[in-house]
Amino acid sequence: MRKTLIAAAVITAAAVSYYAVNKSSTTAVTLAELDYVPADTVMFSGQFIPLDLVTYLKSMGASTAQFDTDDMQQMLAALSSSSSNAMQFGVALFQNYLNIIANPDSFEKDSGIAAKTRSLSYLVGAAPVMRMEVTDAATFKQFFEKAATESCIAVQTKSLAGHSYQAYPLDDILEGLTLLVSVDRGWGTVALHSDKLSEQHRAQVLAQQKPAKNLGNSNKLAEITKKYSLRQDGLGFISTEQLALAFTTTNGNQLAEDVQLTFTDGLPAALEVWHTPACRNDVAMLTKNWPGLVMDAEIKQQAASGMTISSKMLFPTASKIALDSLQNLQGFIPGSLNGSLHSSMFYLALGTDISQLTPAISSIWAGMTDLTLSCEPLVAIQAQMKQQNPMMMLAMAGMAANGLQGLSVTINGFSMDMATGQPKTADALLSLSADNPQSLLANAKAMLPPLAGISLPAVGEDISVAEMFPPVAMLGLDVRLRASANHLLLYVGDKAKAQADVIGKETLTKNGIMSFGMDYKQFFTAMADAIQLSGQPMPEEFEAMMDTNMQLGLSFAVDQHGVVINTNMKVAE
């Protein structure tokens, strides 16, 4: 459980950072290197103002200990013992990278990458490309050469139209697969490529040739910015339209052409079936309704206090049925907990209008099963869905908690008694929001007999829970229950009491599906008591998380365009 918690915290921070630090600020998109990004790329992520990587890594408490777990070491050992030189090369790159980021102050000197860098990630057909600004071309290349030496990979220096680059053969993984490394115009390029692809393709991957239609001369970024109200200085997207063209056509885009080269003996039957006119039309219709994913963010960097990142990830839809149903399904999230950087060490809020659960899902389900389709694989999927209607199960859930709009948990702090293993102090709040809390409690009493003796306090008053439910008295904490017009508030501690005052006055609104927040340093420092009680030594990776000076807030909601994930993150040295 402990390792799972640490892994979840690291992954959450990394995931947020990936899409957040790859876009930022409020200036126009004017980066010249966009001329080398093909307009038909399936995915793109771009950071257009320099990000202070040193500050970010310091705030994260970056160290090899965060990844130096038993499971990780066993996995790396298994990969390293592989007879595949290519696999050993990948392991060496990963381990060397961890060693570099563990020393943020020397990151630029050790990697050759600018301490404050812009970056781009995209696909040229099937070839993934990563580009970033570098200050020392020799050091940047040496990072890859060192890993090649450790894994017995023979680096090849090649030339393309007068441009020198390094090629690392990875035939052990896939015949013809090669890692390309290049530096030009102050930018480093790292890409996976195949010998089956043309020289012109390789030139575009190495940013030596501009595609005729590229993100620099097309309106794609401007269009999604205007349509979805995105900040223009940094953007990301995944295009289902381009992905669909790749698997329903032979030459609809560069990825489609690359896929054809992969299957020299013709497409397998499982892919060939998607190349019918019926499938092209049906899939095109679906991608129009669900165009993919768009992202933006804003990064504010302060020398004294670190940086603050605000991000948006949007899954837009043109389906009115889906959009209306999802919006109706939203419930209530307390305003102070809706993805904000909260003073608590941890909070989680869930918002769902239970009364709308059955009609909302029923509407979405009917929209999918009644859709007119003629593509054979899609028709088969639709037939299976018609046989697995979930309405009965949803109806039971709606009956059990009808009127429930949301619930939240906030933990401000706690400490453990080392002698007894029981909580010594606690400051926390549990809120439950409903159209009619009295009716909800009545339903709960019918299902849970132990609750039969509980009566709610009058609106605006609170009572001691121990008086109604004696087992709580054994904790030695003054747990209180308060009721308002639309909220039940169970709290202990002064901070929680103040928070209950605020939430209790809020009116119910459909403003979200889920929100989550954590102060990494506070949370993992408090959790250290539980580890000490277990008698086990403090893991190094846990200590690293205790040094992570970061606050995170996430919220999931449905806006006028689709499902949106808003993120706020503050990191400080």
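Trainee: Is Glu298 buried, partly exposed or exposed?

Mentor: This is a predicted model, and in it Glu298 is partly exposed, with a relative accessible area of 22%. The class follows from the cut-offs, because buried means under 20% and exposed means over 50%.

Trainee: Which side chain does Glu298 meet in a salt bridge?

Mentor: Side chains of opposite charge can pair when their charged atoms come close. Here the partner of Glu298 is Arg231, at 3.6 Å from N to O. The two sit in distant parts of the chain, 67 residues apart: Glu298 is in strand β9, and Arg231 is in the loop between α8 and β8.

Trainee: With which side chain does Asp296 form a salt bridge?

Mentor: Asp296 also meets Arg231, with an N to O distance of 3.0 Å. Asp296 lies in strand β9 (residues 292-302) and Arg231 in the loop between α8 and β8 (234-239), so this bridge ties together parts that are 65 residues apart in sequence. Asp296 is buried at 1% relative accessibility, whereas Arg231 is partly exposed at 24%.

Trainee: How many salt bridges does a search of the whole structure find?

Mentor: The search finds 15. One of them joins Asp35 and Lys210 at 3.5 Å, N to O. Asp35 is in the loop between α1 (2-20) and β1 (43-52) and Lys210 in the loop between α7 (199-205) and α8 (220-228), so parts 175 residues apart in sequence are tied together. Asp35 is partly exposed at 22% relative accessible area, and Lys210 is partly exposed at 45%.

Trainee: How should I read the disulfide content, and how many disulfides are there?

Mentor: Look for cysteine sulfur atoms within 2.5 Å of each other. A search of the whole structure finds 1 disulfide, formed by Cys279 and Cys375 with their sulfur atoms 2.0 Å apart. The torsion about the S-S bond is about 80°, so the disulfide is right-handed. Cys279 belongs to helix α12 (residues 277-289) and Cys375 to the loop between α14 (357-369) and α15 (376-386), 96 residues away.

Trainee: Are Cys279 and Cys375 buried or exposed?

Mentor: Cys279 is buried, with a relative accessible area of 1%, and Cys375 is buried at 0%. Cys152, by contrast, is exposed at 62%.

Trainee: Which residues form the negative surface patch?

Mentor: Asp171, Asp172, Glu175 and Asp195 form that patch. Asp171 is in the loop between β5 (163-169) and β6 (177-184) and is partly exposed at 43%.

Trainee: Which residues make up the nonpolar patch on the surface?

Mentor: Met87, Ile173 and Leu174 do, with about 270 Å² of accessible area together. Leu174 lies in the loop between β5 and β6 and is exposed at 52%.

Terms used. Residues are numbered from 1 along each chain as its sequence is written. This is a predicted model: local features need pLDDT of at least 70, side-chain atom pairs count only at pLDDT 80 or more; totals for chains, interfaces and linings use all residues. Side-chain values use heavy atoms; hydrogens and water are left out. Patches are made of residues with over 30% relative accessible area and no salt bridge: like charges are joined within 9 Å, nonpolar side chains (Val, Leu, Ile, Met, Phe, Trp, Tyr) within 5 Å. Accessible areas come from the Shrake-Rupley method with a 1.4 Å probe; for residues, only the protein chains shown count as cover. A salt bridge is a side-chain nitrogen of Lys or Arg within 4 Å of a carboxyl oxygen of Asp or Glu. Lys and Arg count as positive and Asp and Glu as negative; His and the chain ends are not counted. The place of a charge is taken as NZ of Lys, CZ of Arg, CG of Asp or CD of Glu. Helices (H or I, at least four residues) and strands (E, at least two) are DSSP runs, numbered from the N terminus. Buried means under 20% relative accessible area, exposed over 50%, partly exposed in between (1.4 Å probe, protein chains only).
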